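Here is a short briefing for a first look at this structure. Keep the sequence and the 3D view open while you read.

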Amino acid sequence: MSGPGLAERTDALARCLQLAGDRLDGAVVAEGERVVAQVRERLALAPATTVAALAGATGSGKSSLFNALAGADLARPGTLRPTTSRPLAAVAADEDVHALLDWLEVGDRRALDHGTGAARGLPTGLVLLDLPDHDSVVTEHRDTAERLYARADLLVWVLDPQKYADAVLHERYLRPLARHADVMVLALNQADRLAADDRTTWREDVRRLAARDGLGDVETVLVSARTGEGVAELRALLARAAQRRRAAADRLSADVEDVAVRAVAALDGGAERRRDLPSPDALVTALEQAAGVPTVVDAVRRSAARRVRARTGWPPLRVLARLRPDPLRRLHLRPGTPDADTADRTSLPPAGPQVQAHAANAVRRWRDDATAGLPDAWVLGVRDDVRTDGLGDALDAAVAGTTLLPARAPWWARALDVLQWVGVTAAVAGLLWLGVLAGLAYLRLPEPSTPQWGPLPAPTALVLGGLVLGLVLALLGAVGAWAEGRRQAARARRRLRTAVAGVADARVVAPVAAEVERWTSAHDAARRAAGAAAGGRRRRR
């Protein structure tokens with residue numbers, strides 16, 4: 001009953017509607033939700049029974065044809081219009097169809113036993129409906145007919161020679177049901193009123209109009225309820241549908257395809273689009289400028305060099321270096337891992353209008369490139385979701401939360417610091433020694449023996465050695481400070497780019513990627529729901 005893949009395609013349509021949401025036209029969503037509910041409900045009701053409905057205009061002879069097919073006078077044809085005010089069901093089913101008829105909202109039911117319907121040709125496994133006229137002057141009758149047009153498994157359109165070309169019939173009913181040609185039959189009733197040549201002309205004209213409506217080679221049968229002409233052929237069509245038990249599945253499948261094809265058309269956006277997102281490198285670079293990363297990196301370089309010089313410079317002159325403010329602290333940043341109290345804001349000057357405009361343009365360019373080829377509704381939705389409001393604060397917080405320098409100076413700087421103090425200690429010791437010797441000489445006291453270290457007295461060697469060692473270590477420290485500044489600046493730049501990329505991903509890339517993935521999933525689901533209709537109609541009869 002369910003047909004291969006019908007349940008899966010219905011689930012795919014439901015997923016498409018869920019994913020697309022307000023990105024699809026409201027009419028498509030409403031129709032799709034109705035179809036999904038109808039498929040699931042119909043598949044659960046009397047799956048071995050086919051519901052065939054006689055549809056047509058006032059005076060087309062539906063009730064007479066209904067009686068002829070049922071082999072019993074169940075409906076009451078008459079001259080007053082409308083002749084059918086309520087739907088009537090002739091039941092020749094071998095399973096309980098009460099729940100099905102309740103769902104169809106058909107209260108007037110006539111069961112056919114083997115002495116009436118089955119023996120005279122109405123097949124078992126069939127429910128035949130006689131519907132109100134679609135052109136009834138009573139609105140309630142028209143609404144009932146149209147509701148059952150949407151729920152019947154097989155539609156038999158009963159046409160008469162006078163109204164078969166009526167524009168309302170073709171534009172309001174047949175043309176919108178073009179995808180349902182496999183579960184439709186055109187019964188040209190009252191054929192006995194026409195001459196043989198006129199019948200042929202009428203049948204060809206009906207086929208021409210049906211082709212224009214998109215129905216293709218829909219089944220067309222000449223019948224006469226009064227003489228019985230063609231009734232057996234029409235019964236045979238109904239019998240084949242009932243025996244195959246495919247009409248309901250075909251009808252529901254056509255309903256799913258109809259909505260799914262409309263969804264595919266709406267989701268295609270008129271162009272094939274790339275499935276991968278563009279690289280965000282240019283976007284991140286622009287946001288780095290807006291976040292003041294070059295300023296921070298330069299501050300890291302100078303702060304790292306300053307810290308090394310403070311450890312490796314000649315100790316008596318270090319006080320002068322420490323009087324200069326730390327470039328990082330001036331930006332409300334500090335070495336080490338930021339904590340919750342310090343990683344909130346920096347003191348970076350706000351980006352200028354030109355830099356801000358460049359960053360906003362980069363966001364827009366990347367967003368538009370990523371959504372190129374999407375339907376307008378999705379593009380506009382992404383533009384509403386991805387804005388630059390608050391982006392500056394997020395970038396500043398990312399900079400403030402980035403580890404820019406290690407908490408301690410490098411080990412070699414600490415080693416040079418120890419050597420510097422060794423040299424200072426030696427020089428001071430030498431000066432003190434020389435001072436003692438000078439004092440003894442001034443007081444005319446006997447001088448103690450002073451050892452010689454090479455060509456120089458020991459105290460002089462200590463003073464000169466300490467000063468030379470301090471100068472050499474200071475020069476080494478200056479070179480090391482330059483190298484350390486560049487090394488720490490490069491590391492800080494990598495960390496800051498990672499932090500800025502995180503902001504770009506959270507505020508721009510991830511929301512756009514989510515919408516693109518949502519569109520991709522909705523589009524794929526719609527194509528699965530459309531099935532073969534995505535590549536052309538298939539015939540199932």
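A residue counts as buried when its relative accessible area is under 20%, as exposed when it is over 50%, and as partly exposed in between. By that rule Y149 is buried, and Y173 is buried too. The model is predicted. The points below take its aromatic rings, salt bridges, helices, loops and surface in turn.

**Aromatic rings**

- The structure holds 4 aromatic pairs.
- One of them joins Y149 and Y173, with ring centres 5.6 Å apart and planes at 90 degrees, so this pair is edge-to-face.
- Y149 belongs to helix α6 (residues 139–151) and Y173 to helix α7 (residues 167–174), so the contact ties together parts that are 24 residues apart in sequence.
- Ring pairs also bring in W157, making a cluster of Y149, W157 and Y173.
- Another ring meets a charge: the charged end of R23 sits over the ring of W378, 5.5 Å from the ring centre.

**Salt bridges**

- Side chains of opposite charge can pair when their charged atoms come close.
- How many salt bridges does a search of the whole structure find? The search finds 28.
- One of them joins K62 and D133, whose closest N and O atoms are 2.3 Å apart.
- K62 lies in helix α3 (residues 62–70), and D133 lies in the loop between β4 (126–130) and α6, so the pair ties together parts that are 71 residues apart in sequence.
- Both K62 and D133 are buried.
- R199 forms a salt bridge with E229, and the closest N and O atoms are 2.6 Å apart.
- R199 is in helix α8 (residues 196–212), while E229 is in the loop between β7 (219–222) and α9 (231–244), so this bridge ties together parts that are 30 residues apart in sequence.
- E229 counts as partly exposed because its relative accessibility is 28%.
- D368 and R383 also form a salt bridge, with 3.8 Å between the closest N and O atoms.
- Here helix α15 (residues 353–370) supplies D368 and helix α16 (residues 376–385) supplies R383, so the linked parts are 15 residues apart in sequence.

**Helices**

- Helix α12 (residues 293–312) has 20 residues. From its first C-alpha to its last it reaches 28 Å, close to the 28 Å expected at 1.5 Å a residue.
- The buried residues of α12 include V293, V296, V297, V300, A304 and V308. R307 is also among them.
- Helix α18 (residues 411–442) has 32 residues, which should span 46 Å at 1.5 Å a residue. Its end C-alpha atoms are 46 Å apart, which agrees.
- Among the buried residues of α18 are A413, L416, D417, Q420, V424 and A427.
- An α-helix has 3.6 residues a turn, so residues three or four places apart point the same way.
- R507 has its place in helix α19 (residues 458–530).
- R507 is partly exposed, because its relative accessible area is 28%.
- R507 and D389 are 118 residues apart along the chain, and their C-alpha atoms are separated by 9.9 Å.

**Backbone and loops**

- Most residues other than glycine have a negative phi.
- A46 lies in the loop between α2 (26–43) and β1 (50–56).
- A46 is buried because its relative accessible area is 10%.
- E105 has a positive phi as well, near 60 degrees.
- The loop that holds E105 runs between α4 (98–104) and β3 (108–111).

**Surface**

- L317, V319, L320 and L323 make a nonpolar surface patch of about 430 Å².
- L317 is in helix α13 (residues 315–322).

Conventions:
Residues numbered from 1 in each chain as written. Predicted model: local features only at pLDDT ≥ 70, side-chain atom pairs only at ≥ 80, totals over all residues. Heavy atoms only, no water. Helix = DSSP H or I, 4+ residues; strand = E, 2+ residues; numbered from the N terminus. Buried < 20%, exposed > 50% of the residue type's maximum accessible area, 1.4 Å probe, protein only. Expected span 1.5 Å × (residues − 1). Patch = residues over 30% accessible without salt bridge, like charges linked within 9 Å, V, L, I, M, F, W, Y side chains within 5 Å. Areas by Shrake-Rupley, 256 points an atom, 1.4 Å probe, with all protein chains shown as cover. Salt bridge = Lys/Arg side-chain N within 4 Å of Asp/Glu carboxyl O. Phe/Tyr/Trp six-rings, centres within 6.5 Å; stacked < 30°, edge-to-face > 60°. Lys NZ or Arg CZ within 6 Å of the ring centre and 35° of its normal.
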